[in-house]
Amino acid sequence: MANYDLIPRMIPYLDRHLVLPLLNFLSSNKIYPDHDLFKAKYELLAKTNMVDFISELYIEIHGDKEVPSEVLQGLETLQTEAQKVMDIITNPEVIAALRQDKLQNLHFLKEKYGFGQFQYNCGIYGGASDMLYHFRVLSTDHDLNLSALWGKLASDILDCNWDATLEEVQKLKETIDQKRTWFIHWSIFVFFNHPKGRDSIIDVFLSPFYVNTIQTSCPWILRYLTTAVVTNKRRKNNLKDLIKIIQQESYEYKDPITEFIESLYVKFDFEGAQHKLKECEEVLSNDFFLVATKMEFIENARYLISETYCRIHLKIDISGLSQTLNLGQEEGEKWIVNLIRDTRVDAKIDFKENTVIMNQNHTSIYQQVIERTKGLSFRSQVLASTIEKREAHQLTNAIESVTE
Amino acid sequence: MSRFFKGSSDSESEDDEITSSDEEELDVETHEVPSGARRRFLKGAGGIESDESDEDDTKREVRSAKDKRILALEISAKTIENAQKINDWVAIQNEFDKLNKILTKGSIGSIAVPRFYIKTVAMLEDFLNESLIKEKESKKKMNAMNARALNTMKQKIKKNNRLYEVEIEKWRLNPEENDEETPTEVVKKKKVDLDDFDETLADEEFEKEDAEGDFITVSKYNKPIEYTSENLFKKLREVMEARGKKNTDRLEQIKILQKLLEVAITPYQQIRVLLALIPAQFDYNPSMSNYMNVDMWKSTLKEINQLLMILETNPKYIIHESAEEELLDKEPIIEVDQTPFAIRGSFVSFIDRLDDEFTKSLQNIDPHTTDYVDRLKDETELYATIVRGQIYFEKNLLNESTSRVVMRRLEHLYYKPDQVIQTVENSVKQIFPESSKSTITPASSEVDSTELIHSLCVYLYKKGESLHRTRAMLCHIYHHALHNRFYVARDMLLMSHLQDNIHQSDVGTQILHNRTMVQVGLCAFRDGMIKEAQSCLQDICGTGRVKELLAQGLQLQKYAQHPPEQEKLDRQRQLPFHMHINLELLECAYLTCSMLLEIPSMAAAGSNPEARKKIISKPFRRMLDFNERQVFSGPPENTRDHIMGAAKALAAGEWQRCQELISAIKIWDLMPNTQNIKDMLNRKIQEEGLRTYLFTYSSHYVTLGLDQLANMFSLPVNSVTSIISKMIWNEELAASLDQVDNNVVLHRVEPTKVQQLALSFAEKAASFVEANERTLEQKQTSGQNQRDQQRQKGQSNQQHQNTEKRTTHHQKNNQQRVRNNFNNVLGNSVKGRTQQNRYRA
């Protein structure tokens with residue numbers, strides 16, 4: 001299963017703090033040996049200020065109870081430092097004094113930014129988020145503002161404050177034109193945790209610039225995009241674009257999820273799709289971002305299969321279809337009945353022969369002609385009225401010029 | 001007017017007449033014999049030179065025209081000398097003009113320039129320089145007239161003396177010689193013929209030199225030439241000055257230089273001689289169309305290598321294009337910790353030229369002879385020199401030269417298969433073991449061609465100028481395509497956006513681009529990506545001007561539209577035979593692709609006239625039509641016949657016969673893994689056969705058994721199902737599958753004539769309305785613009801900006817589409833090229 005794990009590929013594009021939940025997830029899933037993971041975590045956090053955590057990890061890795069003095073020392077110095085800054089910032093007199101002086105104000109802002117960063121490094125994400133928010137409101141420095149925005153996004157993500165993050169993501173999207181790869185990776189956190197995220201992920205990732213970025217630098221994001229499209233019933237029209245991209249990139253990246261789409265819509269190999277669906281289940285349950293969507297994905301994938309199946313077939317054997325959908329005989333029947341009811345597929349079940357018969361609504365030529373000529377008269381009318389309007393307009397213009 | 005009674009007042013015009021007759025004509029004339037003192041007096045007194053005509057004491061003498069001229073020259077020379085003494089530049093200028101006038105008139109024949117002339121001129125030059133310096137130093141100005149004359153003289157002398165540089169140099173060496181030949185003496189002597197004069201002069205010289213015992217060679221003109229390392233620079237200068245002149249014997253020059261090279265001792269001397277010798281050899285052949293003599297090419301190659309070796313062993317010297325042109329003809333003093341001594345010259349241009357000459361010779365040698373093969377063998381050595389040059393430039397951080405030379409290297413490699421590259425690289429290692437020291441191409445024991453090309457290209461992407469980057473990119477893509485890495489090649493092609501502006505680049509690059517496109521197409525074909533292959537090849541093979549577009553031979557034009565210069569240029573651009581892409585194979589691949597796409601599409605169109613107009617490959621259609629119109633068609637003979645036969649068989653559903661015919665084509669053997677390609681094609685034929693069958697006969701059936709179809713086309717059942725599913729899904733086929741009975745139920749009904757007409761009528765009405773809408777829209781926007789202009793300029797500008805914005809947005813969209821839709825982009829440039837050609841024509 002490790003070969004479908006995307007976390008190693010994604011880590012280069014993420015912040016240390018953002019990686020931590022991923023590693024935690026991995027250790028709960030037991031794909032990799034524990035010891036390696038602990039080591040990775042330790043290395044990850046060694047450069048942050050989360051001292052408690054580091055010492056805990058140290059103990060776990062080395063097994064002995066003694067925490068190296070430098071770690072503890074670090075903790076102390078950090079605490080004193082923090083205290084100092086805290087004193088300055090929280091002292092209302094200082095603030096009042098500083099407000100008077102613009103230059104000092106600037107200095108104060110810098111302090112605020114620095115403190116936000118510090119809090120973030122210590123793992124106090126809520127505080128950091130607040131700090132950076134205030135900083136952004138007050139500051140005018142563009143570069144610092146941008147990095148504050150990134151910082152706030154990260155803190156909100158880690159604080160699980162999804163509403164705020166969605167906002168941040170939108171803001172960030174408007175401001176950046178580079179570092180799209182980073183942006184894509186960070187935004188996945190949001191998109192799969194916020195209820196509305198899956199709409200935005202489709203909008204954002206399928207916009208031309210992001211498609212380019214995905215294709216050139218991080219094709220593995222296709223998995224998330226595919227999942228989002230499949231699980232989003234209202235966005236079926238994006239499926240075509242997605243299929244095209246998957247097909248184009250298939251030589252560079254494939255996993256069971258993209259392969260499922262490929263075998264269903266490119267090869268029309270229903271058996272293959274069924275196999276892939278089984279694999280998908282496993283991959284999804286091992287993916288940090290997609291675990292929650294697993295059931296939804298499978299449900300929707302079944303819909304896709306049966307929809308395609310029905311469109312192509314005239315007579316379907318229920319047991320065969322149930323097999324294709326990884327369902328038992330009875331379950332399958334229920335499923336099909338539901339399907340017929342929900343999607344209003346024009347079909348009937350022949351109980352005696354245990355088949356579904358699709359009603360072909362074949363458009364006759366008569367209908368085709370009507371279809372083609374339907375809008376014509378309306379369009380002509382619009383034409384005529386615009387011409388009329390134009391003439392009237394010209395007339396008034398002429399009169400105006402005469403009266404002038 | 002009789003010559004006998006010519007007035008003494010116009011001796012000059014007389015001179016003209018006589019000399020212009022240009023024969024040894026005896027003439028009786030009144031002429032004064034100059035008495036030096038008197039003239040000097042006159043000069044000194046008058047300042048402005050007066051004609052000698054007012055002399056009274058004239059004496060009748062009979063002289064030859066030449067004698068007379070020499071006399072006149074002498075007089076002028078004397079006058080100049082006198083004028084020098086009093087610094088009278090106006091006089092000098094006048095006299096100098098006269099002097100030259102006489103001389104040019106006289107020297108139409110092959111007589112040498114009199115020695116005293118040279119003396120005068122040389123002295124004048126010295127004097128000029130002297131007085132120029134003086135003028136500069138002294139704050140006091142000359143009078144205006146004089147100063148102007150001085151400046152004019154400065155230019156004149158500079159120009160004039162360049163012509164006689166050799167002679168002046170000679171005179172400077174020993175000014176004493178011949179000085180005893182006082183003017184009067186000459187006059188006396190000149191009783192004899194002038195030819196004798198030359199001879200005597202030469203003889204005297206000869207004797208003198210002989211007496212000294214340093215005699216080495218005798219030139220054509222009986223002049224002894226001696227080459228030692230001491231006078232090397234002087235000789236070198238002589239040769240350099242003669243270079244490019246009309247009457248210079250180039251072969252002679254080369255010989256002189258080669259001799260100089262033999263006597264050159266110090267590295268500096270050697271470098272200088274080589275820097276003169278190599279271009280001299282390149283210059284030997286003046287015409288653009290001929291190629292350099294092979295032997296001479298080889299010797300040049302050797303000399304370039306020698307030069308390289310000298311430069312490598314003497315890091316003190318460096319050849320630089322922007323170095324000061326050194327005037328000193330002596331050994332430069334080089335200190336130990338000094339920066340390298342720069343010598344003016346362009347070494348990279350030698351390599352460029354050598355390579356160009358090599359290509360030129362290959363263009364001109366008949367490729368089917370052993371000569372060609374022999375010539376081709378020289379490429380290894382040439383390549384070694386290029387590599388060596390690259391390392392030298394790299395070491396000396398000459399970035400521009402390095403990228404040029406790397407480009408050359410790349411162009412020698414990119415089209416070659418791995419094995420050839422390996423052999424070449426290995427032999428380079430043998431010839432020149434240092435080759436592994438390059439930083440651009442780090443050495444490894446195994447030569448990996450892909451890695452080598454990659455590192456060369458990467459260097460050019462980083463350091464090269466834009467043309468080099470483009471060409472490197474194209475070479476890189478070509479190489480990938482050659483190695484069946486279609487996706488890599490395609491991605492590079494699309495990401496580089498080369499095709500957006502390739503039609504603006506030079507023709508050579510466009511040719512390279514066309515070659516690359518063709519190679520990408522063939523690569524797709526080998527991989528079984530028929531559609532991609534077809535769209536890559538379409539624009540080049542579809543034009544019927546394949547040869548021209550790939551520069552692989554001149555297209556025979558029925559109506560010769562090209563002017564001869566155009567043809568000449570085209571001829572120069574031709575690629576040598578060993579670089580050619582096999583055109584027959586290309587055509588074969590293209591037609592096969594077209595067949596696999598066109599036949600099903602024709603079948604799908606059926607009797608629908610609208611759909612029938614959709615043509616994928618025009619040349620293929622044309623050939624097929626032609627083939628069908630023939631009353632008798634015999635058994636297929638050439639590749640085309642085979643494919644046409646196969647196409648007809650495929651259309652009729654006889655896929656087996658189609659397979660046979662396609663497999664019988666011999667040219668497939670030129671592709672690597674022939675069997676794989678044939679298998680791929682067979683499989684494709686089966687699939688397309690199935691599709692064609694379904695399109696053609698679906699209206700005649702109600703149901704078709706899947707098993708039976710699988711049987712008919714010997715395909716596995718599930719792939720038949722998959723093909724049919726795809727057709728149903730894409731709405732190509734009105735049918736559905738019956739899972740229970742395992743068959744296809746067809747719904748298709750052929751529309752009756754009336755129905756068909758009704759459909760097309762509806763279509764036409766729709767397009768009519770659309771056209772109307774478009775017209776109105778156009779009118780509206782233009783009308784709006786007009787109105788706006790009438791009203792306010794500011795507003796109209798805004799409007800304009802808006803439309804502009806819209807258009808740029810539109811362009812952006814276009815680009816985006818381009819990135820995603822591979823097939824649309826391909827071959828853009830090719831059209832561009834053809835257009836360009838048309839303009840030129």
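On the chain A side, β1(A) is joined to strand β3 of chain A (residues 355–358) by three bridges, in the antiparallel sense. There, A:Lys315 stands opposite A:Ile357 of β3(A).

These pairings belong to an open sheet of six strands with mixed pairing, in the order β2(A)-β3(A)-β1(A)-β8(B)-β9(B)-β7(B).

| Strand pair | Sense | Bridges |
|---|---|---|
| β1(A) and β3(A) | antiparallel | three bridges |

**The contact between the chains**

How many residues does each chain bring to the contact? Chain B contributes 30 residues and chain A contributes 31 residues. On the chain B side, the elements that give two or more residues are α20 (486–495), α33 (717–729), β8 (735–738), α34 (753–791) and α35 (793–820) of chain B. The largest share of this side, eleven residues, is supplied by α34(B). By residue type, the side of chain B that touches chain A comprises 16 nonpolar, nine polar and five charged residues.

**Chain A as a whole**

Chain A contains 22 helices and three strands. Of its 404 residues, 29% count as buried. Among contacts in chain A between residues at least 6 apart in sequence, 50% link residues at least 24 apart.

The mean pLDDT of chain A is 77, and 81% of its residues reach 70 or more. Confidence in chain A is lowest in helix α6 (residues 92–100), with a mean of 59, and highest in helix α16 (residues 256–265), at 88. Where pLDDT is low, the predicted coordinates should not be read in detail.

**A loop residue in chain B**

B:Asp88 lies in the loop between α3 (65–85) and α4 (89–106) of chain B. Is B:Asp88 buried or exposed? B:Asp88 counts as buried because it has 22 C-beta neighbours inside 10 Å, where the cut-off is 20 or more. The C-alpha atom of B:Asp88 is separated by 8.9 Å from that of B:Ala149, a residue 61 residues apart along the chain.

How values were computed
Residues numbered from 1 in each chain as written. Chains lettered and ligands numbered in written order. Predicted model: local features only at pLDDT ≥ 70, side-chain atom pairs only at ≥ 80, totals over all residues. Contact = placed C-beta atoms within 7 Å. Helix = DSSP H or I, 4+ residues; strand = E, 2+ residues; numbered from the N terminus. Nonpolar A, V, L, I, M, F, W, Y, C, P; charged D, E, K, R; others polar. Buried ≥ 20, exposed ≤ 12 C-beta atoms within 10 Å, placed from the backbone. pLDDT = per-residue confidence, 0-100. Pairing = 2+ DSSP bridges.
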